[in-house]
Amino acid sequence: MRPEHWLYTLPLRLRSLFHWAQVDQELDDELRDHLDRKTEEYVAKGMTQEEAHRRARLDLGGIEQAKERCRDARRVNWIQDFVQDLRFGLRILRKSPGFTTVAVLTLALGIGANTAIFSVVDWLTLRVPSIAKPEQVTTLASQGTDGGYSNGFSYPDFEDIRNQSTTVFSDVAASMDYQADGLSVDGKSELMWASYVTGNFFQMIGVKPALGNLIEPTAGLSSHDEPVLVLGYAFWKAHFGGDSRVVGKSALVNGRPVTIIGVAPNGFHGISPLLDMQGYMPLGMATVTADAGKDLVTNRKSLGLTISARLKPGVTPASAQPELRVIARRLAAQYPSMDNWRTLIAYALGPLSPISNPDTPNTVRLVGALFLTLAGLVLTLACLNVANLLLARASGRQREMAVRAALGGWRSRLIRQLLIESLLLTLLGCVAGIALGLAASRWLGSINLHVSFPFVLDFQFDWRVFSYAFGAAVVTALLVGIAPALRATRANLNDLLHESACTTTTGRQRTRSVLVVAQVGGSLMLLIVAGLFVRSLRHVQRVNLGFDPGNVLNFTINVHQTGYNEAQAQDFLRSLLPRVRALPGVESASLAATIPMGLTYLGMGLKIEGYQPPPGQSAPLAGYNAVSPQYFATMRIPLRRGRVFLDSDGQASQPIAVINEAMAGKYWHGEDPLGRHFTSTDDPEHSIEVVGIVKNSRVAQPYGPYEPYVYVPLVQHYNNQMPVTLQLRTSLPLASMNHEVVDTIHSLAPAMPVLDTETMSGSLNGLNGFMLFEIGAGLAASLGILGLALATVGVYGVVSCGASQRTHEIGIRMALGAQPGKVLKMIFRQALFIVGGGIALGVLAAACIAVLVGNFLVGVSSFDAITYVGAVLIIAAVALAACYVPARRAMRVDPMVALRYE
Amino acid sequence: MLVSVTEDMEMSKPSDLVQGTLDMLLLKILVLEPMNGFAISQRLKQVSGDVLQVSDGSLYPALHKLEQEGWIKAEWKTSEYGRRAKYYSLIRLGRRQLEKEADNWGRLSSAISRVVKLKEA
């Protein structure tokens, strides 16, 4: 159509759209006018008024049908149809608020669960940092000759790689991350997690500052030039209130003066989007503030740097691989004593980078896939529920459909209209579901991870999550709407006028029953998975830890942050312990470098006198902890043989160690380890004597075999860079002890920030401890309960409708003398088929998915009998209870009423 | 649909050809003066010598479609009976459409004639 023509017709179409009541009235008037004239014509021909009128109507073919055809002729534009259907659909939904509420709520639960879980999975696997062209940025890892991966490099390594990789990388930068520093501004001091970066770091990343400047490539490596600090955005907002006057301010980092020159942009958290870097400083300053060793720049053995690099345009991580391997070989040949150059790999940035193990992303993806599947199952159950509801309602509207069909509406239009109704329902459910999902993920984001690391737990609802939710809604709409629509429009007016409202054809009843069987099966599967996770959690929690975490409080401090050197630090700690022990209620107090299942795990390579590792095995390794003498008493780790440390074991005394049973068994099998010696590969000069053996205890993970573990005296192995945890055993709760202990610390060192205060039991729920198990069990249980609720509603609905369908039949039976008990049995028999079928299906489905789930279970088999039987019993009980109400109602039917009821 | 009443024949199946033809006929009738639906069908019957009759059930949908397409416009006037009645009239765009369709029809009918008049071998 030509433009002016279209413009002319537009008002007409709009009028049909918005004033269709008026338009309809006009149509009515027009046709009646025609009838009048036709009647007159016939009367003029000699017919009676009545006959003429009848004849005129016959000629027209029925006024309503004619109107319908006119309306269709007017609707040249399908949008008008669509809007008409929408308005009609809305009206229908408004008319039955109960049905609409239940359906929308059911769908909202399903969609909400999915979006919440998807946002978490998105956070873990799909989110990339908000920097320029993130797909080009990679982090490097090297693989050593023993097959293990490491993402730590030395500065000379960094220089070599930077110089030799110019064909694949356009820029290579290094950073020393996650340094816990003390920041002191205007007299206030706090903890800041900082990253020391090379000058070209920000240029390589490609971000602009939110305020002030970022570290420039001209930043050198000398400790004296450019002592500058760039703040992280979230840290700046939280601790400086977003005050723009911070630029140019002087501050102290670990006692050394710096100038704050700018703030990093919003949304940039460092190379890893999971952890928030709170400050950035030039790498050169690390030699001063982080005491990284004055030879940071030249020491090839100090592997503390993470290397990130931007690929040249057109180069992918895979295509860069050969070049990197060549570089690795070259370095291996040049420096044969460093045995970590089997190959060099570049990883694309992801939420978990820098990753040290290439398997980690796969594990995380697997977990994500598992929970998405479970959530998808809940959504399917919700769909089944709503489909059932719609089917039930469709049978109530059969008459309406049949009459409309008879009046001239054709089947495709009816189907389209029913589909639009279900689309409306799902859209409403989608909106509600997104709101629910947002609330759920907000709640998830507020979970205390029991770590002092600043995790970035913002599960943003970005476009990916919204499109996922919308996609789920559309699929739901189709699934839910298609069956009822097809069925409803097959209605035949003649048959229907002789039937009652809830009398459905057997076909429809069978469909509904099948749907409910699927629901029961799905719900059972969810329950079984939930049960497995819960039992796994219980198992892990009840495991014998080997120490007693009850009544132990932890206070973590980093002496280094006040600027103390090593001598001052040891002094401080030596004075601290007696003062803490003197506090009322304290039974014992000790210091330790690490806590069990904390985020730090210390290890040392060993050279054991008289022990040769079997050929092919790498050098012996053991985990270690540096502790003060009262440690074993505080943690209640039983001593098996020999002795623990004494105060007399000082810095000048013979280096000693206490080992655990696993180490004794592995390296001195059958012999007495007491009095034997070994050395650490970091410090081959000092030979360490074994003086005691303690019971095995859990140090790294709550499950798995016990690994060799060494305890050494803190005074002999003090590392000023590392934090130290003061642990005390007291019957008083944390709340009352907190102040006292912090005051005691501050009485000795007023500027010492206390990083973390927690109960030992609380910290066991941390990331390396029970937390993942708890989250897994919690999520699975929630989904299981949701599924159970949905299945219950489904069973109730179908049995209820089936019972009312047979009211007539029941009435007859009872009139003929059947006992109420027999009626009950009849109802229950139908229910039994449904529930039984569902149980069989559910057990089968659970068995199929068991292998996937089994990867995440500890101490529980995927086919654990107790869980399966328990879940089956729960489902059976709940389902049969859901049948009880309709069954009783059927039993109480009065035969006279039933017979009359049609 | 459009009915050709020569010997009380049955209604034939509607086809695109016939529908388009009906539109053209209606437009043509409206060339002279505005009319309402009843009058249009009367005039068509009269002018074609009772050969062409439109069934009432098809007339109004056709008229409404023409109105929707923007070739005719409608006005509500008081009829001679004192009631409101809807009168259709042709507008400029409709005239152009009519010409176009009349041309097509001419071409089509002469082509058909040529085929029909083929001498048998």
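**Close-ups of a predicted two-chain model**

**View 1. The surroundings of L389(A).** Leaving aside residues up to four places away in sequence, L389(A) touches F99(A), V102(A), A103(A) and G797(A); two residues count as touching, or in contact, if their C-beta atoms, placed from the backbone, lie within 7 Å. This is a predicted model, where local features need pLDDT of at least 70 and side-chain atom pairs count only at pLDDT 80 or more, while totals for chains, interfaces and linings use all residues. Residues are numbered from 1 along each chain as its sequence is written, and chains are lettered from A and ligands numbered from 1 in the order in which they are written. L389(A) sits in helix α12 (residues 360-396) of chain A. Is L389(A) buried or exposed? It counts as buried because it has 22 C-beta neighbours inside 10 Å (buried takes 20 or more other C-beta atoms within 10 Å of a residue's own, exposed 12 or fewer, partly exposed in between, with C-beta atoms placed from the backbone). F99(A) is 290 residues away from L389(A) along the chain, yet their C-alpha atoms are separated by 7.9 Å.

**View 2. Chain A as a whole.** Chain A holds 27 helices and 22 strands; these are DSSP runs, numbered from the N terminus, with helices being H or I of at least four residues and strands E of at least two. Of its 902 residues, 43% are buried. Look at contacts with a separation of 6 or more, and 82% of them in chain A join residues 24 or more positions apart.

**View 3. Helix α2(A) against helix α4(A).** The axes of α2 (residues 20-45) and α4 (residues 63-74) of chain A come within 11 Å and cross at roughly 130°. Who meets whom? L27(A), D28(A) and L31(A) from α2(A) meet I63(A), A66(A), K67(A) and C70(A) from α4(A). By class, this contact has five nonpolar, no polar and two charged residues (Ala, Val, Leu, Ile, Met, Phe, Trp, Tyr, Cys and Pro are nonpolar, Asp, Glu, Lys and Arg charged, and the others, Gly among them, polar).

**View 4. Where chain B touches chain A.** Here 16 residues of chain B are in contact with 20 residues of chain A. On the chain B side, the elements giving two or more residues are α2 (37-47), α3 (56-69) and β4 (84-90). The most comes from α3(B), with eight residues. Sorted by class, the chain B side has five nonpolar, five polar and six charged residues.

How values were computed: Axes are lines fitted to C-alpha atoms, for helices over the stretch in contact, and angles run from 0 to 180 degrees between N-to-C directions.
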